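Me: I would like to go through this model term by term, asking what each label rests on. Please set every value against its definition before concluding.

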Amino acid sequence: MIDAGRDALCELLDTLCPMHAVLDPTGHVVQAGPTLRKVVPDRDPVGARFLEIFEMARPNMARDMADLRALAGRRLRLWLRAGPRHALKGVLTPLPVGQGAGALVNLSFGISVVEAVRDFGLTGTDFAPTDLTTEMLYLIEAKSAAMEESRRLNLRLEDARISAQEQAFTDTLTGLRNRRALEHLLERQRQAGQAFALMHLDLDHFKEINDLHGHAMGDHVLQVAARRMKGQVRGDDVIARVGGDEFVFVLRGAAMPDGVNNAAARLISKLEEPILRNGQICRISASIGATLSGLYTTPDITRMMADADAALYAAKAAGRGCPVIHDPAGLRAVPVLRGAG
Amino acid sequence: MHGLINRAIERFVRDSYGDGLWCDVLARLDLGYDTFEPMMRYDLAVTQRLLEGLGLRLERRRDDLLEDIGTYLVSHPQVEAIRRLLRFSGVDFLDFLHALEDLPERARLAVAELDLPSLGLHAHGAGRYRLEVGLGGEDGLRLGHVMMGILRAMADDYGALVVLEHRGTSATHEVIEVQLLDAGFACGRSFDLGAGRQAG
């Protein structure tokens, strides 16, 4: 029944729009492009009613051929009734009157093209040579790969930034925090509003060790002292080396002056244990001045540092090797004498 | 020089000869780092020294080394993404060949700063083609032999039988002669258009 002209038209349509369907006046598919056949894999679309295979969603529902013809030239949005529900785009155009009251529908994939190509197992030859689908797929893949590289670069840069910051905030000799780190930390600590104690520690007799045994011994003593300090505080407490033999402790959660005083006394006895190196024995001690955020109505870091310094000065004046806690009433606390506690 | 090119050389060496050899070559170059960032730029001199160092270490001529790199880029599973991107260019090898002139533009769509050499294809009939690889791209690095490796591996990938010959260099371009003997010589590797997103 198919005449030569119809045959030629078939071929032409298969090449130009491989996802087309020709509908007869009753809305049945009389011809389907090769890609459309792939998209409707379980049945031969030819002979079926177009609206049995596809559900028209936009711009209007369509129930019959009259509804379909009324949508001529509009951007159609439709779904397969069976199989993956990827939205398809389409356009319908009435066939010339000589062909009866039939219509031509051409379909393409919408934004879900990547999934559709995968689910229907399509290849480059399933698209018209002028179709930009493969270029679009290329772009998606190329851009995803480039984005992935950029994402990895960002991660590496972030790691490098963190480790540079870590280095910038660390005292290289002792591995403790440095003064810069302390400033950041104290500001954060104050903002957090949680109770804390600030302890200023000065090693006693350290200068003599440097003078007597040299800087190598001095460095060794500092490293041992730093290790002992770390052993005496809790994990979230912070110790910073802020000068040659000066250290500042931030004791988080410390609210009781007696507790801080005891901790400081224990720390001093620990530091007083002899240090051995190459058969030589060194002894140091430490003086500590401390204050607690709980002693102030509004804790101010500069004020607290000054008070801790003053307490340290008092400890040194009292003969060194002892802690002094800041006394807001202005009465000088009696230093705990060594061996007394 | 775009870092992607140095990075490609690095991947080629690491995947073909191992990390030890790579670190060894880089240590001799004394650049102060031992890996290239694909999304950064480097001096052309770094790439030239790298190729020189590799040639000495591997006892390979520069041309052979570059061709090996081209083959690696298409055929090694570690860099499957590149082969996939190339396969988007054409449905068969002939289609791919005819789309070669778009390749620099395709590369730029993927990575805007990547400046590949211009490619010009001239048909001489009976399956014979002349491919001109420009000298202008990426600071004038000669990539003709890399192109040879890519073409050879892509022909394999499509299942086509080709003979390639590098015919030397003019003032503006390198010349590669391509003879397509049989476009359907073997069945080639399959290419699943939509597989890229699944893989990663």
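Me: How many residues does the contact take from chain A and from chain B?

Reply: The contact takes 19 residues from chain A and 18 residues from chain B, where two residues are in contact if their C-beta atoms, placed from the backbone, lie within 7 Å. This is a predicted model, in which local features need pLDDT of at least 70 and side-chain atom pairs count only at pLDDT 80 or more, whereas totals for chains, interfaces and linings use all residues. Residues are numbered from 1 along each chain as its sequence is written, and chains are lettered from A and ligands numbered from 1 in the order in which they are written.

Me: Which elements of chain A give two or more residues to the side that touches chain B, and which gives the most?

Reply: Those elements are α5 (113-119) and α6 (133-168) of chain A, with helices (H or I, at least four residues) and strands (E, at least two) taken as DSSP runs numbered from the N terminus. α6(A) gives the most, with twelve residues. The residues on this side of chain A divide into ten nonpolar, five polar and four charged, where Ala, Val, Leu, Ile, Met, Phe, Trp, Tyr, Cys and Pro count as nonpolar, Asp, Glu, Lys and Arg as charged, and the others, Gly among them, as polar.

Me: Why are α6(A) and α7(B) called oblique to each other?

Reply: The axes of α6(A) and helix α7 (residues 103-110) of chain B come within 8 Å and cross at roughly 50 degrees, the axes being lines fitted to C-alpha atoms, for helices over the stretch in contact, with angles from 0 to 180 degrees between N-to-C directions. Angles under 35 degrees count as roughly parallel, over 145 as roughly antiparallel, 65 to 115 as roughly perpendicular and the rest as oblique, and α6(A) and α7(B) are therefore oblique. The contact is made by Y138(A), L139(A), A142(A), K143(A) and A146(A) of α6(A) and by R106(B), L109(B) and A110(B) of α7(B). These residues divide into six nonpolar, no polar and two charged.

Me: What makes β4(A) and β5(A) a pair of strands?

Reply: Two strands pair if DSSP finds at least two bridges between them, and three bridges join β4 (residues 76-80) to β5 (residues 88-94) of chain A, which run antiparallel. Within this pairing, R77(A) has K89(A) as its bridge partner, and L78(A) has L88(A). β5(A) also pairs in the antiparallel sense with β6 (residues 103-109) of chain A, over seven bridges, and there K89(A) stands opposite S108(A).

Me: What makes β2 and β3 of chain A edge strands?

Reply: Six strands of chain A form an open, antiparallel sheet in the order β2-β1-β6-β5-β4-β3, and β2 (29-32) and β3 (54-58) each pair on one side only. Neighbouring strands of this sheet are turned by 30 degrees against each other on average, direction ignored.

Me: How do you know that the length of α10(A) is close to the one expected?

Reply: The expected span of a helix is 1.5 Å times one less than its number of residues; α10 (residues 257-271) of chain A has 15 residues and reaches 21 Å from its first C-alpha to its last, close to the 21 Å expected.

Me: What is the phi of H205(A) and of N278(A)?

Reply: Phi is near 65 degrees for H205(A) and near 45 degrees for N278(A), in each case a positive value in a residue other than glycine. Most residues other than glycine have a negative phi.
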